[in-house]
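Colleague: Could you take me through this model, beginning with the contact between the chains?

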Amino acid sequence: MSHETFEPTIIGFTCNWCSYRAADLAGTSRLKYPPNIRLIRLMCSGRLDPTFVIKALASGADGVLITGCHPGECHYLEQNYKALRRYLLLRRTLAALGIEPQRIKLVWASAAEGAKFATEATAFVEEIRALGPLGWGKSTNGKGLEGILEPSQKGEEVAA
Amino acid sequence: MSGKNGHPQERIGVYVCHCGSNIAGTVDVEQVAQWAASRLQHRGVVIARDYKFMCSSLGQELIEKDIKELGLTRVVVAACSPHLHENTFRTACARAGLNPYLCELVSIREQVSWVHTDRTAATMKAQAIVAGGVERVLHHQPLEPLRVPIHEATLVVGGGIAGIQAALEIADAGYPVYLVEREPSIGGHMAQFDKTFPTLDCAACILTPKMVQVGEHPNITLLTWSEVEKVEGFVGNFTVTVRKKARKVNTDLCTGCGICQEKCPKKVVDEVYEAGLGYRKAVYTPFPQAVPKYPVIDVANCIYFEKGTCKACEKFCPTGAIDFNQQDEILTLQVGNIVLATGYDIFDARRASNYGYGRLANVFTSLEMERMCNAAGPTGGKIVLRDGKTVPKTVGIIHCVGSRDRNFNNYCSVICCMQSLKFAHLVKERTGATVYNFYIDMRTPFKDYDEFYQRVLEEGTLFVRGKVAEVTDAARLPGEEGKLIIQVEDTLIGKQRRIPVDMVILSVGLEPRRDAKEVARKFGIACSANGWFTERHPKLDPVATMTEGIFIAGCAQGPKDIPASVAQGAAAAARVLGKIRQKEITLEPIRASIDESKCSGCRICNGLCPFNAILFHEDRMVSEINPALCQGCGTCVAACPAGAISGTGFSNEQILAQIEGLLLLNLEPQPA
């Protein structure tokens with residue numbers, strides 16, 4: 001796949017109260033962003049289990065966008081701070097795994113910031129496009145996380 | 001039958017909505033439905049249809065018929081945002097006998113057709129989203145909504161006109177109301193005004209009867225000089241902690257005779273009610289018609305509290321009501337619903353330093369002008385310069401100060417055009433002065449407003465279209481000495497003009513209360529980027545918030561005039577009454593729970609919950625979640641290292657399956 005035609009696949013996590021509504025607002029305002037990003041709604045960015053991110057990257061996503069309410073504006077008071085902590089840990093974990101930490105990105109977007117959501121989504125697609133394909137999904141035969149966490153069931157020898 | 005692996009027992013129906021051309025214009029909806037029918041068949045999809053408007057009654061009947069005739073056990077609707085129609089489709093499923101929580105609505109309008117242009121790419125993304133929904137719905141659990149009783153009492157925060165209206169409507173319907181106001185009297189900004197546009201009726205004449213009604217209403221507990229400290233609980237069952245600040249006046253004894261105010265030797269500039277233009281005493285009621293009539297002692301300025309002597313008020317009080325030892329009281333209120341009507345602050349005109357407010361004596365703000373026009377105000381209703389006697393011969397009124405200005409606030413403050421026209425009329429009527437209005441655009445859109453504008457035009461007020469660059473006292477041309485010169489580009493004639501005037505009135509914009517964000521946090525609601533409280537829906541749900549049981553009214557939600565504030569106060573009351581009459585409320589059953597057999601007692605989750613919903617059993621060394629306090633954010637679910645916590649509606653299985661679906665990992669191989 002040549003660099004010019006590489007279309008990344010990105011999973012985006014949104015919170016029910018701010019960033020999902022920002023995405024809704026981007027829609028109702030007819031703002032445009034590239035179709036590479038597919039969203040998952042959580043109740044809160046604090047719900048984001050780091051496993052979800054690893055799972056997405058291991059299953060074929062080239063990048064993961066994590067979004068939530070602005071600090072101090074969390075619907076659940078302060079849970080987005082917990083998302084921030086996990087995000088910072090995740091970046092270090094990814095780096096340790098040899099994956100560019102820039103493949104994940106945290107963006108705050110309030111329900112009123114449809115334009116910001118669209119801009120950030122567009123920018124992130126370009127950033128991931130520049131990084132190129134991750135290809136983690138291929139190395140696990142599309143089996144995703146299970147492909148890494150559970151080694152071959154058949155007991156075949158794996159080349160070192 | 002439905003498939004070879006995965007979930008052969010589940011029978012899923014997929015419904016793809018055209019939304020007229022809203023979705024079908026960009027997404028090949030027929031293709032999406034056909035694709036789902038063939039490539040997701042082995043995942044349990046037994047039928048996939050596309051339809052013009054899924055949310056129409058015919059569209060809903062389509063789903064209901066399939067549930068009954070094809071024995072569907074799960075439903076995926078690909079249409080608009082779940083925030084719009086999730087309930088519609090859940091209800092349709094329930095009508096056909098399917099548990100409503102076995103329905104998943106995925107958004108291919110807000111997230112696909114409205115934001116993408118390439119038809120092929122958009123169609124492919126819509127397919128991925130449908131696949132995500134199908135994988136997710138396989139892990140849905142049938143749920144029952146939570147039912148909790150609703151407490152009949154309501155808390156109204158803010159005693160301006162919006163809060164007064166809300167409190168009266170609810171109290172008149174026969175339910176108890178606590179009205180909390182942080183100033184010594186209710187009345188809000190409206191009590192400061194002289195005349196109200198466009199009818200020019202006197203603000204006090206129409207407001208004070210309502211204030212008295214509040215004060216005397218058997219169903220209203222009025223808590224002035226009080227502030228909400230803490231809010232706990234949820235819709236139907238809020239526990240609110242209110243600090244009733246010490247008035248230093250025993251309200252059981254006080255008759256409101258006013259002798260203490262007369263005798264108090266300490267004069268203080270009244271920054272709140274008189275907008276800094278007049279004085280009050282250290283013991284005071286903000287104005288004579290204050291409700292309640294009881295004064296407060298301003299401890300920071302009272303001579304007795306400063307120096308330990310004076311006690312003039314105590315000496316002269318005929319009923320012995322002064323109580324210097326009175327302490328703050330902490331009240332705990334149980335309420336079912338809350339209305340926030342906390343109002344606005346005015347833009348600080350000093351920030352627009354080019355207009356010279358605070359530096360040039362005869363530059364006034366609109367609020368100062370209200371007090372000056374008011375017959376009960378510091379000048380007795382005379383419009384005079386800062387020296388207190390000179391009547392101005394020319395007056396310039398500058399619109400949009402702090403509004404529609406990228407340096408300050410980009411929004412329109414709504415009331416300033418009409419307010420400026422009102423001042424133009426009053427100044428002309430009372431002084432005969434020449435009045436200039438400097439406007440960017442004239443905005444007079446409501447009932448009888450434009451008629452008022454026409455009237456002011458006919459009265460001979462001069463209008464200059466252009467944003468004023470500067471107000472200065474540096475005279476350059478003859479005739480400018482001793483005047484304030486307004487430098488402006490008159491955009492209708494395309495020329496720079498210098499207009500000398502005696503007095504400048506800055507029509508300052510409205511801003512969110514300085515502590516609006518803190519208040520929003522306290523009550524668990526959201527603020528817009530500008531700082532106004534965010535409504536549930538900007539058009540269809542303007543007084544509800546994202547937090548069940550908390551409503552907003554008046555300028556706290558955004559700039560608006562008195563009629564709109566009153567309408568919102570009444571609307572919020574109607575919503576509250578609707579809730580109270582339901583007796584109990586149904587809540588989304590999105591809650592976390594702990595499997596005690598898996599819990600290791602590590603207590604990691606305990607500190608994560610801001611609602612204190614997780615309690616730890618020392619005896620059994622396990623944690624437990626109180627479903628009544630849990631708000632369903634899922635942070636503990638994500639944090640539990642043992643996987644002992646699960647969250648309904650957003651379980652690990654549901655999210656992980658949705659990821660697989662979105663990444664198209666579970667497709668039936670394409671037929672050759």
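**Chain contact, sheet and helices**

Modeller: The contact draws 45 residues from chain A and 45 residues from chain B, where two residues are in contact if their C-beta atoms, placed from the backbone, lie within 7 Å. This is a predicted model, in which local features need pLDDT of at least 70 and side-chain atom pairs count only at pLDDT 80 or more, while totals for chains, interfaces and linings use all residues. Residues are numbered from 1 along each chain as its sequence is written, and chains are lettered from A and ligands numbered from 1 in the order in which they are written.

Colleague: Which element gives the largest share of the side of chain A that touches chain B?

Modeller: H1(A) does, with six residues. Helices (H or I, at least four residues) and strands (E, at least two) are DSSP runs, numbered from the N terminus.

Colleague: Now the sheet in chain B. What is the order of its five strands?

Modeller: The order is E10-E7-E6-E18-E29, in an open sheet with parallel pairing; two strands pair if DSSP finds at least two bridges between them. Strand E10 (220-223) and strand E29 (550-552) of chain B are at the edges with a single partner strand each, so one side of each has no neighbour in the sheet.

Colleague: How many bridges join E6 to E18 in chain B?

Modeller: Four bridges join strand E6 (residues 154-157) of chain B to strand E18 (residues 337-340) of chain B. B:Leu155 has B:Ile338 as its bridge partner in E18(B).

Colleague: Turning to H6(B), is it mostly covered or uncovered?

Modeller: H6(B) is mostly covered, with eleven of its twelve residues buried. A residue is buried if 20 or more other C-beta atoms lie within 10 Å of its own, exposed if 12 or fewer, and partly exposed in between, with C-beta atoms placed from the backbone.

Colleague: What covers them?

Modeller: The cover of the buried residues of H6(B) includes E6, E7, H7, E10, E18 and helix H15 (562-582) of chain B.

Colleague: And which residues of H7(B) are buried?

Modeller: B:Ala203, B:Ala204, B:Leu207, B:Met211 and B:Val214 are buried in H7(B). They cover an arc of only 90° around the axis, which puts them on the same side of H7(B); the arc is that of the directions from the helix axis to the C-beta atoms.

Colleague: Which exposed residues does the face turned away carry?

Modeller: The face of H7(B) turned away from its buried side carries B:Cys205, B:Pro209, B:Val212 and B:Glu216.
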